[in-house]
Amino acid sequence: MQSTGDTKDTEKYWGDIIPEDDRMKMEAEEREKEEMEMCLPPRSRKPVKRMMYLDFSDSQGDSGSGSDKDDSDEDRPKKRGQPRTVKNEAIKDFTDAEIRRFLKSYKKFPSALKRLDAIAMDAELQEKTFTDLKKLGELIKNSCDKAMKEYQEKAEAVPKKRGRDRGPTFKIGGVSVNAKTLYANESKLQPLDIIIPADKEERKKWVLKDARFYMPWTPEDDSNLLKGVYEHGMGNWESIKMDSTLGLGNKILPDGGQKSQAKDLQARCDYLLKVLKRMTDAKPGM
């Protein structure tokens, strides 16, 4: 009887006893024999067809240059409904995120082009030069006016459709701007620029005498609220509250007691702006 050690040695040197090619041939014959005994036909493999990939890059490259392709893309008509893209050197030093911040602050101030310093502070763009800020502001203003003019001319020629009309849009860089909303916001804040004195000392003396409020509130408070919006921008209630020259620190924003909430202040400002609008309409020469 063969010992266990001999078996291990036999298994260990089996590859040396029978060459590998012969062993593979023997194993194949054994498998074929078993399949025949089981009445199973031998497995057949279908040849794999190679996929032919056609590369048109060379032929296209020979027929025309890349500039021709770019030209054809420019000539291709744009899809309807896409906002107009404004290409201008004025935005080359601004990222899309900075343009968005500028626009957000631009909407807060009356006659925004006169308040670029305040806009830069509110939008955290103090590192930008005044010239760059002015170019961006003028680009937004001119693009909005142009879009609204074309929109109004088209509205006069084409009957108005049912449903909500969002108005025209345009793009500054990669930022889409709704011209109708921007234009309405500028018109809403315009009375502040007309009535409230631009001079800081004169502005301190200015008082509005035609308004009522359900809170413990005086005409001086209304006047200071409007001056705060003029100075710090619409919606910047915390800055208005912290401005000691306005005297509203104890009357606005919730710290307990009867104080105006942010929504109350917004509603109050909307009402006061309508009052100012009536005043400017009554005196066109203001």
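1. Arg-115 lies over the face of Tyr-230, with 4.4 Å to the ring centre. The model is a predicted one, and the values in this note are to be read accordingly.

2. A further charge is placed over a ring at Phe-94: the charged end of Lys-128 sits there, 4.9 Å from the ring centre.

3. Helix H6 spans residues 96–106. Its buried residues are Glu-98, Ile-99, Phe-102, Leu-103, Ser-105 and Tyr-106. Viewed down the axis of H6, these buried residues fall within an arc of 165 degrees, and they therefore line one face of the helix.

4. Which elements cover the buried residues of H6? The cover includes three helices, H7 (116–122), H8 (130–157) and H9 (179–195). Strands S2 (169–172) and S3 (175–178) also belong to it.

5. The count of aromatic pairs comes to one. The pair is formed by Phe-102 and Tyr-106, whose ring centres are 6.1 Å apart and whose planes make an angle of 35 degrees. Stacked pairs have planes under 30 degrees apart and edge-to-face pairs over 60, so this pair is classed as tilted.

6. Both partners of the pair belong to H6. Phe-102 and Tyr-106 are four residues apart in this helix, and are therefore separated by about one helical turn.

7. Are the two partners buried or exposed? Phe-102 has a relative accessibility of 0% and so counts as buried. Tyr-106 is likewise buried, its relative accessible area being 3%; the cut-off for buried is under 20%.

Definitions and conventions. Residues numbered from 1 in each chain as written. Predicted model: local features only at pLDDT ≥ 70, side-chain atom pairs only at ≥ 80, totals over all residues. Heavy atoms only, no water. Buried < 20%, exposed > 50% of the residue type's maximum accessible area, 1.4 Å probe, protein only. Helix = DSSP H or I, 4+ residues; strand = E, 2+ residues; numbered from the N terminus. Arc of directions from axis to C-beta. Contact = heavy atoms within 4.5 Å. Phe/Tyr/Trp six-rings, centres within 6.5 Å; stacked < 30°, edge-to-face > 60°. Lys NZ or Arg CZ within 6 Å of the ring centre and 35° of its normal.
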